[in-house]
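User: I would like to go through this model with you, strand by strand and then ring by ring. Could we begin once it is on the screen?

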Amino acid sequence: MSARYQLSGTTAVEISAGIESGIRTGALSPGAALPPVRALAADLGVSPATVARAYQELRQRGLLVTAGRHGTRVRPRPPVAARRSALRPPPLPGARDLSRGDPDHRLLPPLGPHLAALAADGGPSVSYSDAGVLPELAEVARARLAADGVPAGELTLAGGALDGIERLLGAHLRPGDAVAVEDPGWANLLDLVAALGLRPIGVPVDDEGPLVAGVAAALAAGARALVVTSRAQNPTGSAVSAGRAEALRALLAGRRDLLLIEDDHAAELARVPLHPLAGATASWAFLRSVSKPFGPDLRLAVLVGDETTVARVAGRTRVGAGWVSTVLQRLVLALWRDPAVDELVRRAAQSYEQRRDGLLTALAEHGLPAHGRSGINVWLPVPDETSAVTALRDAGWAVAPGALYRIAAPPAVRVTVSSLDIDDLAPLAAALAHAANPTPPPGFPT
Ligand SMILES: Cc1ncc(COP(=O)(O)O)c(C=O)c1O
């Protein structure tokens, strides 16, 4: 904990408010250790139960984490920080930033012409009483999903994949419920699960998707929801294979007590076929965001699912945000209908594949097995994340430490390949090889 930050308060509410304020202002940084319950209670002259209640409240809201002998700490990305950019240290000046998971902006469709066409067209005036999903958008979305074998279901929209997942979890689960998530898995999802006061149960992943035994164990441990990334799993690049989908569908068949959520965020960018699990359980939802192929600022995801699940999400949206702006819907529809955009997305998918495969091949030449079956990330196991990230930083490359994505999975680093050029691959692989197999200091026995 920061030596400068003095915890205070005589009630659980005051103590938790003080800690929250310390996190918000940055005085308590992510990962900072808090004093043990008894020590803080003695310091503040309150009962240990009061401090325990304050910690418990902040844990349920995803601000703190308690991990056995590591004690209680501020979560790596607590949901109260003022600016997202403050959550990750900036790379050193001049360093190449491969830590962010963004698509290559040079490969996103230009929006200007479509925005101009929308402006010229004016479009219908939409009011509170008739706003909702545009029928023509729903029709094109359904056709695109059907072409990939996603079963027909009810359809609604969300403001991106994560917004959809939040609405789904909120509609089906209560704080304290368990959610099965991939381990390693998407950091933002782990943050969301913590912020909703849900309990993550990690399901190990290999190149073909979540392990069947891991999902079975999560179900046995009482998971009420399961979130599966169909393709371009973040951070490992895994994609659910035909065989894995069949085995998982058999395991999940007919379950009525589990909400199955599939996140097909790579969508049109994926160069591997989709093998959906949708429909195996009574409660299911399949999400396809437009962020990665068309641009992260287009906050729109299509959500299909069974009637009850979609009605809950759509109903909750109606009494809150209302609807996804029809201006945005019309823009996305225009992009989907433009053959030139199709071609650009196809070229982007090919280019990401070349960079990813190129890096995997270059790493293999150094004897390093890494993962990246699809998408824009490569996951490289390393013996020690901190020293690997530091060695890479010193060599001019910023990568993401695996700790952001892991529950119990072994250490690794995530390298986003989307901004790499072919000429970068050899020097980057050499730097990664050095970071993954650090040379021991001279004089030490090997
Ligand atoms: C696994 C996963 N799902 C979804 C998304 C996109 O989320 P959103 O649609 O909220 O932008 C990402 C982006 O990195 C991701 O890694």
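**Strands and aromatic pairs**

Analyst: This is a predicted model. Strand 15, residues 412–416, is mostly covered, with five of its five residues buried.

User: Which residues of strand 15 point one way, and which the other?

Analyst: A412, R414 and T416 point one way, V413 and V415 point the other way, and all are buried. In a regular strand, side chains alternate between the two faces of the sheet.

User: How many bridges does strand 15 have with strand 12, and in which sense do they pair?

Analyst: Strand 12, residues 377–381, pairs with strand 15 in the antiparallel sense over five bridges. In this pairing, N377 stands opposite T416.

User: And what about strand 14 and strand 15?

Analyst: Strand 14, residues 400–401, runs antiparallel to strand 15 and is joined to it by two bridges. P401 stands opposite V413 of strand 15.

User: Changing topic: in what order do the eight strands of the open sheet come?

Analyst: The order is 4-11-10-9-8-5-6-7, and the pairing is mixed.

User: Which strands stand at the edges?

Analyst: Strand 4 (154–158) and strand 7 (209–210) do; each has a single partner strand, so one side of each is left without a neighbour in the sheet.

User: How do strand 5 and strand 6 run, parallel or antiparallel?

Analyst: Strand 5 (residues 178–183) and strand 6 (residues 199–206) run parallel, joined by six bridges. The bridge partner of A178 in strand 6 is R199.

User: Now the rings. How many aromatic pairs does the structure hold?

Analyst: The structure holds two aromatic pairs. One of them is Y128 with W323, edge-to-face, at 5.8 Å centre to centre and 85° between the planes.

User: Where do Y128 and W323 lie?

Analyst: Y128 lies in the loop between helix 4 (112–121) and helix 5 (135–147), and W323 in the loop between helix 11 (307–318) and helix 12 (326–337), so the pair ties together parts that are 195 residues apart in sequence. Y128 counts as exposed at 76% relative accessibility, while W323 is partly exposed at 29%.

User: What is the geometry of W379 and Y405?

Analyst: Their ring centres are 6.1 Å apart and their planes stand at 85°, so the pair is edge-to-face. W379 lies in strand 12 and Y405 in the loop between strand 14 and strand 15, so this pair ties together parts that are 26 residues apart in sequence.

User: Is W379 buried or exposed, and is Y405 buried or exposed?

Analyst: W379 is buried, with a relative accessible area of 6%. Y405 is buried, with a relative accessible area of 1%.

Terms used
Residues are numbered from 1 along each chain as its sequence is written. This is a predicted model: local features need pLDDT of at least 70, side-chain atom pairs count only at pLDDT 80 or more; totals for chains, interfaces and linings use all residues. Side-chain values use heavy atoms; hydrogens and water are left out. Buried means under 20% relative accessible area, exposed over 50%, partly exposed in between (1.4 Å probe, protein chains only). Helices (H or I, at least four residues) and strands (E, at least two) are DSSP runs, numbered from the N terminus. Two strands pair if DSSP finds at least two bridges between them. Rings of Phe, Tyr and Trp (its six-membered ring) pair if their centres lie within 6.5 Å; planes under 30 degrees apart count as stacked, over 60 as edge-to-face and the rest as tilted.
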